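Take a walk through this chain, one region at a time. Keep the sequence and the 3D view side by side.

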Amino acid sequence: MGQVVLKGINKFYESVHAVKDVNLQIRDKEFVVFVGPSGCGKTTTLRMIAGLEAISSGDISIDGNVINTLAPMDRDIAMVFQNYALYPHMSVYDNMAFGLKMRKFERPEIEKRVREAADILGIGELLKRKPRQLSGGQRQRVALGRAIVRHPRVFLFDEPLSNLDAKLRVQMRVELKKLHLRLGTTAIYVTHDQVEAMTLGDRVVVMKDGVVQQVGEPLELYNQPANKFVAGFIGSPAMNFAAVTVTEAGGSLIAENSGLRIKLPDEIAQRLRGHIGREVILGVRPEDLTVAGSADLDHPCFDAVIEVVEQLGSEILLDMKVGESIMVASVEPTARVRVADKLRVAMRPSRLHVFDAQTEA
Ligand code: ADP
Ligand code: MG
């Protein structure tokens with residue numbers, strides 16, 4: 001089993017309140033990813049779970065037992081670090097066996113576990129080498145192997161792929177996913193990379209300034225972001241935002257600024273009835289903007305001028321000037337578009353988001 005519960009967790013480094021009242025229930029076998037910008041408290045949270053950092057207040061329990069005061073060694077948790085932290089003078093075999101030797105496992109059991117983990121990771125041929133004789137990807141596998149041999153209740157990963165080049169990072173991401181499917185061990189993974197979070201996580205925890213902003217399955221975060229921060233952080237290219245004023249005309253609600261004036265779809269209009277005369281933030285993802293054809297006439301539309309065309313092969317990104325601001329649209333790679341073209345752009349009404357301009361929620 002490996003159910004992890006964080007209850008009212010806080011961390012102060014003297015005056016710095018690094019982690020603020022984090023509550024989370026992680027299910028057995030679940031892969032949970034903490035994501036957020038640098039300095040938001042991800043590593044601190046992970047290190048408190050590992051026992052490498054004292055908790056200022058709150059409780060952490062595994063399978064119902066509070067582990068706050070247990071030494072790291074007694075927590076039945078294995079952590080994989082960003083810098084691998086391999087012992088340079090030890091062979092791959094000894095690096096992987098080290099944690100088991102420390103815990104006084106019998107030699108045959110150690111050998112069995114190291115072989116097994118090496119097979120899973122495809123590093124059986126490398127056991128006699130020293131870390132300096134390995135590539136970055138191989139070192140990362142050894143670091144994973146050292147965690148796997150422990151058969152822990154929980155794996156903790158702190159940005160384990162961030163030292164790899166882009167291509168290898170994608171490969172290792174897929175391998176980690178397979179590894180989790182195979183072993184089924186509860187995993188808590190920390191990254192600043194929202195793509196890693198979306199692809200690896202059964203659930204994703206978005207953090208900012210030590211505060212959990214939203215917890216949800218990847219698509220839930222994408223489609224129903226809890227606030228403007230989550231909306232802008234998850235998804236690439238990022239969601240477009242436009243500050244608009246809500247007005248009323250002929251019974252309909254209108255959102256307008258210097259560059260656009262659109263009739264708000266019913267569902268959003270209902271929510272904004274009490275906001276007439278106020279400023280709100282509209283959000284729309286690049287793929288939810290279409291260069292208007294006749295089918296889009298009912299959709300909210302605005303005029304735009306193309307400033308930059310980015311052909312990516314699978315799509316074209318258009319940087320468009322809309323009044324004083326810039327919006328990005330994603331269109332078919334075969335679209336005939338050129339810089340300085342004037343376009344009529346439509347928004348998919350069901351895909352519009354609205355955020356409070358003051359609280360950004
Ligand atoms: P992340 O892993 O999300 O980048 P961290 O958990 O490392 O963030 O840091 C969270 C906050 O706590 C940051 O403001 C950081 O400067 C601060 N911090 C982290 N470790 C220490 C420490 N040992 N002493 C003082 N402040 C720290
Ligand atoms: Mg960190």
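How do the axes of helix 3 and helix 4 cross? In this predicted model, the two axes come within 9 Å and cross at roughly 140 degrees. Helix 3 covers residues 107-121, and helix 4 covers residues 136-148. The angle therefore makes helix 3 oblique to helix 4. The crossing is right-handed. From helix 3, Ala117, Ala118, Ile120 and Leu121 take part in the contact. Helix 4 meets them with Arg141, Leu144, Gly145 and Ile148. By type, the contact has six nonpolar residues, one polar and one charged.

Now step back to the whole chain. It has 361 residues, and 35% of them count as buried. The C-alpha trace spans about 80 × 45 × 35 Å along its principal axes. Nine helices and 20 strands make up the secondary structure. Among contacts with a separation of 6 or more, 65% join residues 24 or more positions apart.

Helix 1 comes next. It runs over residues 42-50 and is mostly covered, with seven of its nine residues buried. Those buried residues are Lys42, Thr43, Thr44, Thr45, Leu46, Met48 and Ile49. Just after the helix, Gly51 has a positive phi of about 90 degrees.

Phe302 has Val345 in strand 19 as its bridge partner. Strand 16 is also joined to strand 17 (residues 316-322), again antiparallel, by six bridges. Here Val305 is partnered by Lys321 in strand 17. Strand 16 and strand 17 form a hairpin with four residues between them. In that turn, Gly313 has a positive phi of about 95 degrees.

Finally, turn to some backbone details in the loops. Most residues other than glycine have a negative phi, and most peptide bonds are trans. Where does a cis peptide bond occur? It joins Ser236 and Pro237, with omega about -5 degrees. Pro237 lies in the loop between helix 8 (228-233) and strand 11 (240-249).

Glu159 is not a glycine, yet its phi is positive, near 45 degrees. This residue sits in the loop between strand 7 (154-158) and helix 5 (166-183). Glu159 counts as partly exposed because it has 19 C-beta neighbours inside 10 Å.

Ala340 has a positive phi too, of about 80 degrees, although it is not a glycine. Its place is the loop between strand 18 (325-331) and strand 19. Is Ala340 buried or exposed? Ala340 has 7 other C-beta atoms within 10 Å, so it is exposed.

Conventions. Residues are numbered from 1 along each chain as its sequence is written. Chains are lettered from A and ligands numbered from 1 in the order in which they are written. This is a predicted model: local features need pLDDT of at least 70, side-chain atom pairs count only at pLDDT 80 or more; totals for chains, interfaces and linings use all residues. Helices (H or I, at least four residues) and strands (E, at least two) are DSSP runs, numbered from the N terminus. A residue is buried if 20 or more other C-beta atoms lie within 10 Å of its own, exposed if 12 or fewer, and partly exposed in between; C-beta atoms are placed from the backbone. Two residues are in contact if their C-beta atoms, placed from the backbone, lie within 7 Å. Axes are lines fitted to C-alpha atoms, for helices over the stretch in contact, and angles run from 0 to 180 degrees between N-to-C directions. Angles under 35 degrees count as roughly parallel, over 145 as roughly antiparallel, 65 to 115 as roughly perpendicular and the rest as oblique. A crossing is left-handed if the near helix is turned anticlockwise from the far one by less than a right angle, and right-handed if clockwise. Ala, Val, Leu, Ile, Met, Phe, Trp, Tyr, Cys and Pro count as nonpolar, Asp, Glu, Lys and Arg as charged, and the others, Gly among them, as polar. Two strands pair if DSSP finds at least two bridges between them.
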